Amino acid sequence: MVKTGKGILMQGNEACAEGAIACGMRFFAGYPITPSTEIAELCALRLPQEGGVFIQMEDELSSMAAVVGASLAGAKAMTATSGPGFSLKQENIGFACMAEVPCVVVNVQRVGPSTGMPTSPAQGDVMQVRWGTHGDHPMIALCPWSVQETYNIVIRCFNIAETLRTPVILLMDEIVGHLREKVVLPDPSTLTIVSRRKPQKSSLPYLPYKPVYGDVPAIADYGDGFRFHVTGLSHDYTGFPTNDANVAAEEIKRLHRKVQAARNEITFVHKYRLEDAEIAVFAYGGVARSAMEAVMRAREQGIRAGLFRPITIWPFPEEEVRQSLGALKAVVVAELNLGQMRLEVERCLGKGIEVIGLNRVGGQIITPDDILETLRGVK
Amino acid sequence: MRMEFRLAGSGGQGVILAGVILAEAAVSYEGLNAVQSQSYGPESRGGASKCEVIISDGEIYFPKVISPDVMLIMNQSSWNKYIHDLKKGGIVVADSTLVKELTPVDGHVFPFEITGSAIHEFGRPVVANIIGLGCLAGVTGVISKEAVRKAIMKRVPKGTEELNERALELGYQMGIRKTLEFTGRGESNGGEDFEPIRDRSKASV
């Protein structure tokens, strides 16, 4: 057990595993990969202590499949990987979206494409998180900037996954995953922990995919006594495949609606000194730490700068971006890729505001000096 | 108070563990904030290994070190690669067993036979990282020996606690002795204006 209530030194990847275990994650299947390996390593040690199950699978495809299966059997289930493994998990992530299987998938980003640079940081997977699996699907992804936040956020990821019956991506990066810093873990009894809602025993004949709570169905856990069918094919309320265009269309729209309706509960952003700002930095994950320091130093030099840090990156916090950044002179989007989130910011802000990309690839990080220099260059 | 450290050597020398112990000592036993980050190659031994620690009594956002106040350099290639990043007037603890060529530095250089002592005293080069950490604690005084000792107990593999405790003690005494030489008589390659970061007049030699 880890100590609570007192400052301890913990690594981002450890916080991910411990936070998940604290909120009831009892099944982990994975195929270790740098820079996410410590998550699997710690789960292998800790889950048996908590009466849970750890399986090292033969590859990433099967580990995602095992997570889907374990969740259908009632476990809070998680897997963790990095870019190359995240690519391989996409097929079954799509299956989890379609079959409405709650689970958390952690991607600790490293440099890509392909196997890229295993030990070096990047943020090149933000669009893959959104669109990595095929078809029109909603996606929820949260992106922490510190070890403490990783612990807190992985719990939120599980709460969202369980409430909405959908996969949730915890999108980390090497900077945060490998960072060790001081954390104070909350007493587990103070945590808000949400679990999926079950069908009423009286509601026979059982229709597993009939929406019951808003647009969210109450799917039984296997073993609870209900007999039902799960498929990645478009299906009706019984869970069996359908070729009915109207039923299929309604199902796809409902998957989006259930996420859209929960927008306020799943959107988290961190704003710093934006009230009187003229320019802002938009940054997320490990890079936001550089941005925070740059903004603080810019303020000391009399530059009216602020920070906008999306914690929820998908669904993209459109309203918050428009509201907070819509009246500024310029927004610097700093990210360890060639401008993936900049496109989203530009889309939301329109033509009136200058959006400046500060981009880096190849494993070097963006420093506070780099951001400060860009802020000073804004005319 | 804010101190930035860089520990560098070759993969397998244990510089990352040494940095983790330094950060652990600060957070768990000195009540300070600390962040520890690392960069290393895909190899498990050989290749360059670098560990950075920032210790502060305030918030730490940017977790990397650009110009370290203090460095522990465990081999020649790390010396050549990083020595010019040292903050003006900063402190370098170097393993003179493996760093043979100490090029001029605008700061205070403390060479110690770290790996040599590990082999000579313990027959185990593997404890060089802990001896080096002891030297660092002795020279800088930024973290107490007791805090480092407790952190070592928490972080080293089971069964090696006593060995590592002795390695710390040796390194710490080496560090203290050399610092007193330097500051007491001005006879030093550490420089005449060298001042320990924390008053250690009560330290036991």
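In this report, helices (H or I, at least four residues) and strands (E, at least two) are DSSP runs, numbered from the N terminus. With that in hand, let us walk through the structure, which is a predicted model.

**Chain B at a glance**

Chain B contains six helices and six strands. Reading from the N terminus, their order is β-α-β-β-β-α-β-β-α-α-α-α. Of the 205 residues in chain B, 51% are buried.

**How confident is the predictor?**

For the complex, the predictor gives an ipTM of 0.92 and a pTM of 0.94. Chain B has a mean pLDDT of 88, with 87% of its residues at 70 or more. Which element of chain B has the highest confidence, and which the lowest? Strand 4 (residues 70–73) of chain B is highest, at 98, while helix 6 (residues 161–185) of chain B is lowest, at a mean of 88.

| Stretch of chain B | pLDDT | Contacts beyond four places in sequence |
|---|---|---|
| Residues 185–192 | under 50 | 11 contacts |
| Residues 199–205 | under 50 | six contacts |

**A covered strand in chain B**

Now take a look at strand 5 (residues 90–95) of chain B, where six of six residues are buried. Which residues lie on each of its faces? Gly90(B), Val92(B) and Ala94(B) are on one side, and Ile91(B), Val93(B) and Asp95(B) are on the other; both faces are covered. Strand 5 of chain B also has a partner: it pairs with strand 4 of chain B in the parallel sense, over four bridges. Within strand 5 of chain B, Ile91(B) is the residue that Val70(B) stands opposite.

**Where the chains meet**

How many residues of chain B are in contact with chain A? There are 20, and they touch 18 residues of chain A. On the chain B side, helix 1 (15–29) and strand 2 (33–40) each supply at least two residues. Strand 2 of chain B gives the largest share, eight residues. Sorted by class, this side of chain B has 11 nonpolar, seven polar and two charged residues.

Strand 2 of chain B also takes part in pairing across the two chains. Strand 9 (residues 180–184) of chain A pairs with strand 2 of chain B in the antiparallel sense, over two bridges.

**A bent helix in chain A**

Let us finish with helix 4 (residues 83–99) of chain A. This helix has 17 residues and spans 24 Å from its first C-alpha to its last, close to the 24 Å expected at 1.5 Å a residue. Where does helix 4 of chain A bend? The bend is at Gln90(A), by about 50 degrees.

Several residues of helix 4 of chain A are buried, including Phe86(A), Ile93(A), Ala96(A) and Met98(A). Gly83(A) and Gly85(A) are among the buried residues of this helix too. What covers them includes helix 3 (60–72), helix 5 (126–131) and helix 8 (245–261) of chain A, along with strand 4 (76–81), strand 5 (103–111) and strand 8 (167–173) of chain A. Just after helix 4 of chain A comes Glu100(A), which takes a positive phi of about 60 degrees.

Key
Residues numbered from 1 in each chain as written. Chains lettered and ligands numbered in written order. Predicted model: local features only at pLDDT ≥ 70, side-chain atom pairs only at ≥ 80, totals over all residues. pLDDT = per-residue confidence, 0-100. Contact = placed C-beta atoms within 7 Å. Buried ≥ 20, exposed ≤ 12 C-beta atoms within 10 Å, placed from the backbone. Nonpolar A, V, L, I, M, F, W, Y, C, P; charged D, E, K, R; others polar. Pairing = 2+ DSSP bridges. Expected span 1.5 Å × (residues − 1). Bend = angle between axes of the 7 residues up to and from the residue.
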